[in-house]
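Please find below a short note for a colleague who is meeting this structure for the first time. The points are numbered so that each can be checked against the display.

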Amino acid sequence: TPNIILSMLATALFPSTWQCVMLLAALFSELLTCIPEEAVNEFLRKRLGVRSILWYSLRSTVQSTVLGVSAILSIGYEELFADVREPARIHACLPAASTLSWLMPSAEAGFALSELLRTLIVPVLRGTQIDVEYALHGSIVFSSLSLLRYIDVVHHTSRILVIHVSTIFLGLRGLDFGPERNAHVDIVFAATFIFLRMVVLPMWWVQTLNLPASAESCMTGTVFNIVLVSGLLLHGLNFYWGTLILRKVVRKLMPGGSFKRDQGGEYRR
């Protein structure tokens, strides 16, 4: 018991670099919410030609852009310069291929922590309504990354964060640019969602599970089960939402279809 207490005190007083990056990301996320909504809306109307704003989150757009672009750069670096690439890296228990691929999961955990505080903890303290969907999302992401960090394999998840690219265009769907530009946003969103979440991500998942594991591999026991179960949940949700998205876009492209924005906020979640 004394050793556990000392370990907890050491962690609190001398947090690891990973924890520091996570907390800085959470702080950055909270600072984004301090930017006046009126200033953001005025910029969108004057600079981007937005006609009306149904819903929009600057925080979500910035976070998705940072993680999505970082994931692309990280994957590109690994493919060009790393001697061993994923998923072979996790089977060989190798460290992160780059500093960026090491930082990204901690930043994602920080963003999830910010979401969790804002949608669950603060409402509980204030006695206000909890946003169940976002609180659940923040809880799952934060707890999953924390567990993977604990068993020292979280850096192998960095390339998965490329799925945030589709979230950039999801956020733009809350803005009315006019029928033609709305159509471009909808089509790019559907294309990136389907390609990244329903083609690329499942392909990586199957490759990771199918590589033969040696006695020294990190893809055994607990890690294998986490990858298997989390993949089934994630891909199941992505295929469900992807089917709905594709169906709606096809319907809008048919004669009589329209890309006019409505207050319903399709695909918002």
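This is a predicted model: local features need pLDDT of at least 70, side-chain atom pairs count only at pLDDT 80 or more; totals for chains, interfaces and linings use all residues.

**Notes on side chains and backbone**

1. The charged end of Arg159 is placed over the ring of Trp204, at 4.7 Å from the centre of that ring.

2. Aromatic pairs form the next topic. Three of them are found when the whole structure is searched. In one, the ring centres of Phe189 and Phe193 lie 5.9 Å apart with the planes at 65°; because an angle over 60 degrees counts as edge-to-face, this pair is given that description. Phe189 and Phe193 both belong to helix 9 (residues 179-210), where they are four residues apart and therefore separated by about one helical turn. Is Phe189 buried or exposed? Its relative accessibility is 2%, so Phe189 counts as buried. Phe193 is buried as well, its relative accessible area being 6%.

3. Another aromatic pair is made by Tyr240 and Trp241, with ring centres 5.4 Å apart and planes at 70°, so this pair is also edge-to-face. Trp241 has a relative accessible area of 37% and is partly exposed, a value that falls between the limits of 20% for buried and 50% for exposed.

4. Most peptide bonds are trans, and most residues other than glycine have a negative phi. Against that background, the peptide bond joining Glu86 and Pro87 is cis, with omega at about 5°. Pro87 lies in the loop that runs between helix 4 (58-81) and helix 5 (88-91).

5. Where does Cys93 lie? Cys93 is in the loop between helix 5 and helix 6 (99-126). Its phi is positive, near 55°, although the residue is not a glycine. With a relative accessible area of 32%, Cys93 is partly exposed.

6. Asp152, likewise not a glycine, has a positive phi of about 65°. Asp152 is located in the loop between helix 7 (132-150) and helix 8 (164-172).

7. Finally, the surface: which residues make the nonpolar patch of about 330 Å²? The patch is made by Leu117, Ile121, Val122 and Leu125. Leu117 is found in helix 6, and at 32% relative accessibility this residue counts as partly exposed.

Terms used:
Residues are numbered from 1 along each chain as its sequence is written. Side-chain values use heavy atoms; hydrogens and water are left out. Rings of Phe, Tyr and Trp (its six-membered ring) pair if their centres lie within 6.5 Å; planes under 30 degrees apart count as stacked, over 60 as edge-to-face and the rest as tilted. Helices (H or I, at least four residues) and strands (E, at least two) are DSSP runs, numbered from the N terminus. Buried means under 20% relative accessible area, exposed over 50%, partly exposed in between (1.4 Å probe, protein chains only). A charge sits over a ring if NZ of Lys or CZ of Arg is within 6 Å of the ring centre and within 35 degrees of the ring normal. Patches are made of residues with over 30% relative accessible area and no salt bridge: like charges are joined within 9 Å, nonpolar side chains (Val, Leu, Ile, Met, Phe, Trp, Tyr) within 5 Å. Accessible areas come from the Shrake-Rupley method with a 1.4 Å probe; for residues, only the protein chains shown count as cover. A salt bridge is a side-chain nitrogen of Lys or Arg within 4 Å of a carboxyl oxygen of Asp or Glu.
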